[in-house]
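Please examine the structure shown below together with its sequence. The report that follows takes up selected features in turn.

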Amino acid sequence: MDFVSSGCAMKKAVTQQNTKTGRETSKCDHVIWEIEVPKELVGRLIGRQGKFMSFLRQRSGAKIYVSTRPYFHDSQVCHIEGFPLQVVKVLSLIGRKFKELCLTNIHGLPPPAPLALHSLLMTAWLLFRDGVTVEVVVAHQVDAGHMFLQQHTHPTFHVLRRLDQQMYVCYSQPEIPTLPTPVAVGIICAAPGLDGAWLRAQVISYFEETSEVELRYVDYGGYDKVKVDTLRQIRSDFLSLPFQGAEVLLDNVVPLPDEDHFSPEADAAVDEMTRGAVLVAQVCGAVGKSLVADGAAVTLCTPRPVCVKTAEPEPGSLAAGQGLAEKLCCCLGSTGLPLIQLWNLTGDEVVSINRTLVERGLARWLDY
């Protein structure tokens, strides 16, 4: 196709754009035309010291600039705005210099759908290997027996800071799409944090009547309930880094008898022993994914069979006493979380967090 034919085609396309919006093309009509430009061509399009951009503006009279968009991480967007003939002139001049460049208008195209959790591989999570000792720090403490750990010596950990910076820049822009409703449980999204930060998060629950969701922060840990309209769709390249916050439970440690939860004193003790400390963790198993009730008997799917009342192994893991079993399940959870032994290595002494909590009378030891 020659430049004359190409120009006629572009002029027809501009006219069709106005027709679709219910307007006839006239001198008072403004057109917005955006083209995707590969990063390797952006420099040539702008020109040395903006020379080619200035040339396009002078020859056409159109408003034209190059900008970044959240969902174009391998390219940028050339924005053209003006009367139809001005836009056609710009496209014709660009087409002459960049014969390989697609001039299709991408303005107003719907953003890509957010990625659901089921579309992510398990490699998205930085997992602990059973029986392997690793150095960790506590990113967030839910309670004395439940926390999120980061493997700060892992090769991928240093990339998290750069990802935080990239997400801050990306989501500071005003045109980023929000999550579609109803929100799918399990979806990964971008959530606002403190001081303008944006964090990767997973939707745990959706409350349609209040337009809220419960989130789990996958890098820094913790849970929160927020309005849906504060969340943004996640960019696909922001999912390449494995999630850094591993959610774990302390092994062998449960609340005191007749208590449903750890006391504030127990929470404070664990915080004192772990805050800012060099820790070592070892996975001893994982809490199973199901709790099956049958009358007064409850099958507690733990790594090793256990009778809740006697704290002694029992064939079949049949736990006597539904109420106490449910309390234990409330403490240990039923979500497949890793059970760990945790030690503090600060100074010359190696201190077991699990046993110290029990020795101080703040928790109960549960042997399998």
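How many salt bridges does a search of the whole structure find? The model is a predicted one, and the search of the whole structure finds 6 salt bridges.

## Salt bridges

One of these salt bridges joins the side chains of arginine 200 and aspartate 219, with a distance of 2.7 Å from N to O. Arginine 200 belongs to strand E7 (residues 198-207), while aspartate 219 sits in the loop between strand E8 (212-217) and strand E9 (223-227), so the pair ties together parts that are 19 residues apart in sequence. Both arginine 200 and aspartate 219 are buried. Another salt bridge pairs glutamate 247 with arginine 216, and their closest N and O atoms are 2.8 Å apart. Because glutamate 247 lies in strand E11 and arginine 216 in strand E8, this pair ties together parts that are 31 residues apart in sequence. Glutamate 247 has a relative accessible area of 8% and is therefore buried, since buried means under 20%.

A further salt bridge is formed by glutamate 272 and arginine 360, whose closest N and O atoms are 3.9 Å apart. This pair links distant parts of the chain, 88 residues apart: glutamate 272 is in helix H6, and arginine 360 is in the loop between H8 and strand E19 (364-365). Glutamate 272 counts as exposed because its relative accessibility is 59%, and the cut-off for exposed is over 50%. Arginine 360, with a relative accessible area of 43%, is partly exposed.

In soluble globular proteins, nonpolar side chains tend to be buried together. The largest nonpolar core in this model has 26 residues, and those with the most contacts inside it are Phe128, Val136, Leu149, Ile340, Leu342 and Leu357. Among the elements that give two or more residues to this core are strand E4 (133-143), strand E5 (146-150), strand E17 (338-344) and helix H8 (353-359). Helix H6 provides the largest share of the core, 4 residues.

## Surface patches

On the surface, Glu36, Glu40, Asp74 and Glu100 gather in a patch of negative charge. Aspartate 74 is placed in the loop between strand E2 (63-67) and strand E3 (75-82), and its relative accessibility of 57% is why aspartate 74 counts as exposed.

Val278, Leu345 and Val350 make a nonpolar surface patch of about 220 Å². Valine 278 is in the loop between H6 and E13 and, at 37% relative accessibility, counts as partly exposed.

## Backbone features in loops

Most residues other than glycine have a negative phi, and most peptide bonds are trans. Glutamine 49, however, has a positive phi, near 55°. Glutamine 49 is found in the loop between helix H2 (39-46) and helix H3 (51-60) and is exposed, with a relative accessible area of 81%. Aspartate 258 also has a positive phi, near 65°. Its place is the loop between strand E12 (253-254) and H6, and at 71% relative accessibility aspartate 258 counts as exposed.

The peptide bond from threonine 181 to proline 182 is cis, with omega near 0°. Proline 182 is located in the loop between helix H5 (159-171) and strand E6 (188-192).

## A contact across the sequence

Aspartate 29 and proline 84 are 55 residues apart in sequence, while their C-alpha atoms are 7.3 Å apart in space. Aspartate 29 lies in the loop between helix H1 (3-20) and strand E1 (31-38). With 7% relative accessibility, aspartate 29 counts as buried.

Technical notes:
Residues numbered from 1 in each chain as written. Predicted model: local features only at pLDDT ≥ 70, side-chain atom pairs only at ≥ 80, totals over all residues. Heavy atoms only, no water. Patch = residues over 30% accessible without salt bridge, like charges linked within 9 Å, V, L, I, M, F, W, Y side chains within 5 Å. Areas by Shrake-Rupley, 256 points an atom, 1.4 Å probe, with all protein chains shown as cover. Salt bridge = Lys/Arg side-chain N within 4 Å of Asp/Glu carboxyl O. Lys, Arg positive; Asp, Glu negative; His and termini not counted. Charge placed at Lys NZ, Arg CZ, Asp CG, Glu CD. Buried < 20%, exposed > 50% of the residue type's maximum accessible area, 1.4 Å probe, protein only. Core = buried A, V, L, I, M, F, W, Y, C linked by side-chain atoms within 4.5 Å.
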